[in-house]
Amino acid sequence: MRSYALAGAGLGLVAAIVFASATTGPMFIRFLLLFITPLPIALAGLGWGWRAGALAGGVGSAIVGLTAGPLIALAFAFTQVLPMVALTYFALLSRPIHESEEGAEDDGSGLEWYPTGRLVLWAAGMGAAMAMASMLLLGGDVETLRKTLGEFMQAAVTAGMPQVEGQIGEAELAALSEIALAVLPAASAMSWMSSLLFNLWLAGRVTRASGQLARPWPDLAAVTYPPGTPLAFGIALILTMLPGIPGLAASAATGGLFVAYVLLGLAVVHYTSRTKPWRPFALWALYATLLVVNIWIAIVIAILGLAETVFRLRERAHLPPSPPNHPNT
């Protein structure tokens, strides 16, 4: 009990410090610190249970509230604490294998753990919700959002490119605002979702290495999604054509599900390349290309993930599952 409380309180303090540090310094450093803010909460949740994660979130929110005000503390709680506490709670859910559906795999513990694919979809939904909440804070309707983004673009041009100030007219700013309005919901959802999943994965690696992880490491390359996920992705994609806030909400949902299928495509590559001598080179090349080319190669990988739901590419590979000692495979 004492270690649980100390861990929760200490990691909550760390989360508050990281969050406060994200308000100063160069933009890239601020983004990086905000990106990893949920990590201490994830460490508490996976290492000592979701209650320790909730305690860490409560301590962090209280410190942020005392130093930055209640509104900032509320934003911290809703964007950094609640999503990560929920994910750690789900990640540690289990049930006896005899109560599971037929075909559930037994990892030797006699338990079936909450499916990794559903954790990914929860993160996608949370990312979309936080993206829309952020958009609505900027403006309650599309016209207000467009105006706010236009003012932001003008300020960014003035601060970052003073030499072209006055050369960009209202038409150009309006066009930039339209582009930003079109891509911002999906991009924001993808960013929030990536932060949640990366920190959950990293916390899992750290707690596993320290012996604190309370569940076996999942075979990430064998991740699957519920059968209706492709249909949900298709519907969200179609609904992006709706005008106004509903279209923006559909765009945010599409962004989250797109990342989910990129991850599934990467899982297919990891799974089907097992036992192959060229595997390390191929994976390094793939991730390097993903970093450089980014969106175009991501679309190709997402299509591979969608193809997996139809053609069962991993089943056709006839490869053995990853042994539990190799979490990177």
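Trainee: Which helix supplies the largest share of the nonpolar patch?

Mentor: Please bear in mind that this is a predicted model. The largest share comes from helix α12, with four residues. Helix α11 (279–293) and helix α12 (295–311) each contribute at least two residues to the nonpolar patch. The members are Leu291, Val292, Val293, Ile295, Trp296, Ile299 and Ile303, and together they have about 750 Å² of accessible area on the surface.

Trainee: Is Trp296 buried or exposed?

Mentor: A residue is called exposed when its relative accessible area is over 50%. Trp296, which is found in helix α12, has a relative accessible area of 62% and is therefore exposed.

Trainee: Which residues of α10 and α12 meet?

Mentor: On the α10 side they include Phe258, Tyr261, Leu266 and Val268, and on the α12 side they include Ile295, Ile299, Leu306 and Glu308. Two of these names, Ile295 and Ile299, also belong to the nonpolar patch. Val268 has a further use as an example, for Ala317 is 49 residues from Val268 in sequence and 9.9 Å from it in space, C-alpha to C-alpha. Ala317 is placed in helix α13 (residues 313–317) and counts as partly exposed, at 27% relative accessibility.

Trainee: Where is Ser251, and what does Ser251 touch?

Mentor: Ser251 is in helix α10 (residues 244–272). Leaving aside residues up to four places away in sequence, Ser251 touches Ala182, Pro185, Ala186 and Thr240. The relative accessibility of Ser251 is 10%, so this residue counts as buried, the limit being under 20%.

Trainee: How many salt bridges does the structure hold?

Mentor: The general idea is that side chains of opposite charge can pair when their charged atoms come close. This structure holds five salt bridges. One of them joins Arg146 and Glu178, whose closest N and O atoms are 2.3 Å apart. Arg146 lies in helix α7 (residues 142–160) and Glu178 in helix α8 (residues 170–210), so this pair ties together parts that are 32 residues apart in sequence. Arg146 is partly exposed at 23% relative accessibility, and Glu178 is partly exposed at 38%. Through salt bridges that share partners, Glu143, Arg146 and Glu178 are joined into one network.

Trainee: Which salt bridge does Arg274 form?

Mentor: The side chain of Arg274 meets that of Asp219, at 2.6 Å from N to O. Because Arg274 lies in the loop between α10 and α11 and Asp219 in the loop between α8 and α9 (229–239), the pair ties together parts that are 55 residues apart in sequence. Arg274 is buried, at 7% relative accessibility, whereas Asp219 is partly exposed, at 24%.

Trainee: Are Glu308 and Arg314 buried or exposed?

Mentor: Both residues are buried, and their side chains meet in a salt bridge at 3.1 Å, N to O. Glu308 is also among the α12 residues that meet α10.

Key:
Residues are numbered from 1 along each chain as its sequence is written. This is a predicted model: local features need pLDDT of at least 70, side-chain atom pairs count only at pLDDT 80 or more; totals for chains, interfaces and linings use all residues. Side-chain values use heavy atoms; hydrogens and water are left out. Patches are made of residues with over 30% relative accessible area and no salt bridge: like charges are joined within 9 Å, nonpolar side chains (Val, Leu, Ile, Met, Phe, Trp, Tyr) within 5 Å. Accessible areas come from the Shrake-Rupley method with a 1.4 Å probe; for residues, only the protein chains shown count as cover. A salt bridge is a side-chain nitrogen of Lys or Arg within 4 Å of a carboxyl oxygen of Asp or Glu. Buried means under 20% relative accessible area, exposed over 50%, partly exposed in between (1.4 Å probe, protein chains only). Contact means heavy atoms within 4.5 Å.
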